[in-house]
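Colleague: Before we look at individual features, I would like to learn how to read a model of this kind with care. Please take me through it step by step.

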Amino acid sequence: VLFNQFKYFFNLYFLLLACSQFVPELRLGALYTYWVPLGFVLIITIIREAVEEIRCSMRDKEVNSQIYSKLSTPAFFHSNYQCTFHSYIHYFSLQNQRVPADMIFLRTSERNGSCFLRTDQLDGETDWKLRLPVSCTQRLPTAGDLLQIRSYVYAEEPNIDIHSFVGTFTREDGDPPVNESLSIENTLWASTVIASGTIVGVVIYTGKELRSVMNTSNPRNKIGLFDLEVNCLTKILFGALIVVSLVMVALQHFAGRWYLQIFRFLLLFSNIIPISLRVNLDMGKMVYSWMIRKDSKIPGTVVKASTIPEQLGRISYLLTDKTGTLTQNEMVFRRLHLGTVAYGMDSMDEVQSHVFSAYTQPLHEPPTTRSLLSTKVRKTISSRVHEAVKAIALCHNVTPVYESNGVTDQAEAEQHYEDSCRVYQASSPDEVALVQWTESVGLTLVGRDLSSVHLRTPGGQILNFTILQIFPFTYESKRMGIIVRDESTGEITFYMKGADVVMAGIVQYNDWLEEEYNIFFLFFLPKVWMLTGDKLETATCTAKNAHIVTRTQDIHIFRPVTTRGEAHLELNAFRRKHDCALVISGDSLEVCLKFYEYEFMELACQCPAVICCRVAPTQKAQIVRLLQERTGKLTCAVGDGGNDVSMIQEADCGVGVEGKEGKQASLAADFSVTQFKHLGRLLMVHGRNSYKRSAALSQFVIHRSLCISTIMFTSMIYESKPRYRIHKCI
């Protein structure tokens, strides 16, 4: 703390001033008149820093207090870059538990022999990732048998690539020994979340060797632009002080030990640089931080860096993540559109009644001709709704999992399809939202394996379907399909769903997202860059819904480039566009920055908005750094995940949003908010007011000191004038 304080010319000046009083020829008064004010300034600073560190420590302790079960017997671990050492097998028994270290997946309690991970805090992708255990350990009868086998893991040297892994697992007590290759599908990286089930794994990397840690940068000590400006003004005042001292010595015709007189005048006019300026500004910053924390309109806001509240009101570039930060990771089925009929949130009870009548309506006698026509129309609408709900309930990759809830054990819950014990697993949260919606309207997914799907009707009847073929979703096709056979009728049906760009070309309207951004942009209109690890279509759709890109604004999608020539041609094509938003992938961005860094940043800074998709955490930090270097403007980075930490720490002002998946971003940020819409008031109310108040306060203190110094200077000049006695000549 002291080193950082004395990097300022302001504090260094007063330190030298106080030290000069130990020289008898320069002493002008008691030592305490110089050391007490300096000590008071340093004590205030140390207390402020200590309070912030204690608060950070308490929040870190809260996050790190999660308890994990550990099998006690050590296991051997081999690496190709250092000697053999001991590791421990960790046993996870809680759902939604965060993985504490990089691990190899050994065993799961799920019958299908796999598990899903939520990796949005690591790579920014909302899609859940499928992970597979080592097959020879998965076949063991119980988890305790892992302690009875003799095996070792051979792992590659730690690196920052979170999408690949090379290693082997060898079991030596078999006959013959079992040797299995390991890939990214067998890993559990730290900062990911286990979706459900019981997971057993062996730790291979910890500490600085974690993939998540290697993708973050070291935090830097941030100095506000206002403090730098005050420090620069102090140097100007010091120059004026030297000039005044030289003038006073010149008025004495440089008589005697004039060089000593210069130092004495420097001490006499030291009030030109007021030491009270630092005290007033530091105490003002503490008041600003207190006002932010106590603002009832942005509850839950935490100030971790009380030294830079003025930065909030001077932001020129806002860089934000998408996952969680803008969407809150909340997937809700809001509208069912069937061509001529649409059902919204306020009319879902009609959908429920149609589904209920489709499975519970008794048979009636044939109606009259007139009533037959009306009944036929009603049945057509009812059947269309029923078929749509059934298609949504069948076309997915969701698996229901039953767990013990303390009252009902797992086996009983699975046998009777207990609703309170059921949890849905899927590779994407939007598929879970679809299945949850079909459950809310009466058609419930109660069972699924590799060959069959089981649905429960509102009347409790179980519908059995055989899976004949699955066409999985790919980024190339942007759709998925499934062929099923109804066991009760023998009817074979092909269901397909896909992205809007290939199915209907309709961008779903999002009321909540518009509300969040309307509240924010009502006050704040900087240039916004959205940096996300998600795919291009999702990033573009979110940018439109969030009004980062208006619906009438042109969008230039930067084509994938891999060579310097391709990047040159694409940049020339983009140069001919005017007033259009830019969408670019992380791979293309890396090529452009490698060969045409200056040209790309010049063009990108002219865009009203930039959307970067599929970017790594280190690329986010690199973009922030390039914006600072190329434009010289202040940047603000906003994120909610562990993959946003590097960007937040690199920005002049980092804001973390406390998401549902963790607090890594909020712990690493300078300011923490609970909702994205709170950012508008934080920047344009508290940031602006803090800057205006600090500017007015510093001007007042400096002007007061200049007035005092001017009076002293004038008085000394008057005293130094020669006086003449007038004698009357007789």
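This is a predicted model: local features need pLDDT of at least 70, side-chain atom pairs count only at pLDDT 80 or more; totals for chains, interfaces and linings use all residues.

Colleague: How many contacts beyond four places in sequence does the model have for residues 521–525, where pLDDT stays under 50?

Modeller: pLDDT is the predictor's confidence in each residue, from 0 to 100, and contact means heavy atoms within 4.5 Å. For residues 521–525 the model has 8 contacts beyond four places in sequence, whereas for residues 363–378, where pLDDT also stays under 50, it has 1. The mean pLDDT of the chain is 79, with 83% of its residues at 70 or more.

Colleague: Which residues does the UniProt annotation "transmembrane region" cover?

Modeller: UniProt positions are given in the numbering used here, with feature names shortened, and annotations may be inferred rather than shown by experiment. The unreviewed UniProt entry places the annotation on residues 6–24, 31–51, 188–207, 228–252 and 258–281. Helices (H or I, at least four residues) and strands (E, at least two) are DSSP runs, numbered from the N terminus. On that basis residues 6–24 are 58% helix and 0% strand, with end C-alpha atoms 25 Å apart, and residues 258–281 are 71% helix and 0% strand, with end C-alpha atoms 37 Å apart.

Colleague: In what order do the 9 strands of the open sheet lie?

Modeller: Two strands pair if DSSP finds at least two bridges between them. Here the order is E12-E29-E28-E27-E13-E23-E26-E25-E24, and the pairing is mixed. Strand E12 (302–303) and strand E24 (555–557) stand at the edges with a single partner strand each, so one side of each has no neighbour in the sheet. Strand E13 (residues 317–320) and strand E27 (residues 635–639) run parallel and are joined by 4 bridges, with Leu318 opposite Cys636 in E27.

Colleague: Which helix packs on the sheet, touching strand E23?

Modeller: For such packing, axes are lines fitted to C-alpha atoms, for helices over the stretch in contact, and angles run from 0 to 180 degrees between N-to-C directions. Helix H16 (residues 536–545) touches strand E23 (527–531), E24, strand E25 (581–585) and strand E26 (609–613), and its direction makes about 150° with that of E26.

Colleague: How many aromatic pairs does a search of the whole structure find?

Modeller: Rings of Phe, Tyr and Trp (its six-membered ring) pair if their centres lie within 6.5 Å; planes under 30 degrees apart count as stacked, over 60 as edge-to-face and the rest as tilted. The search finds 11 pairs. Phe22 and Trp35 form a tilted one, 5.9 Å centre to centre with 55° between the planes. Phe22 lies in the loop between helix H2 (9–19) and helix H3 (32–63) and Trp35 in helix H3, so the pair ties together parts 13 residues apart in sequence. Ring pairs also link Phe9, Phe10, Tyr13, Phe14 and Phe238 into a cluster.

Colleague: Which residues of helix H18 are buried?

Modeller: Buried means under 20% relative accessible area, exposed over 50%, and partly exposed in between (1.4 Å probe, protein chains only). In helix H18 (residues 586–595) the buried residues include Gly586, Ser588, Leu589, Val591, Cys592 and Leu593, and their cover includes helix H17 (564–575), E25, helix H19 (597–605), E26 and helix H20 (617–631).

Conventions
Residues are numbered from 1 along each chain as its sequence is written. Side-chain values use heavy atoms; hydrogens and water are left out.
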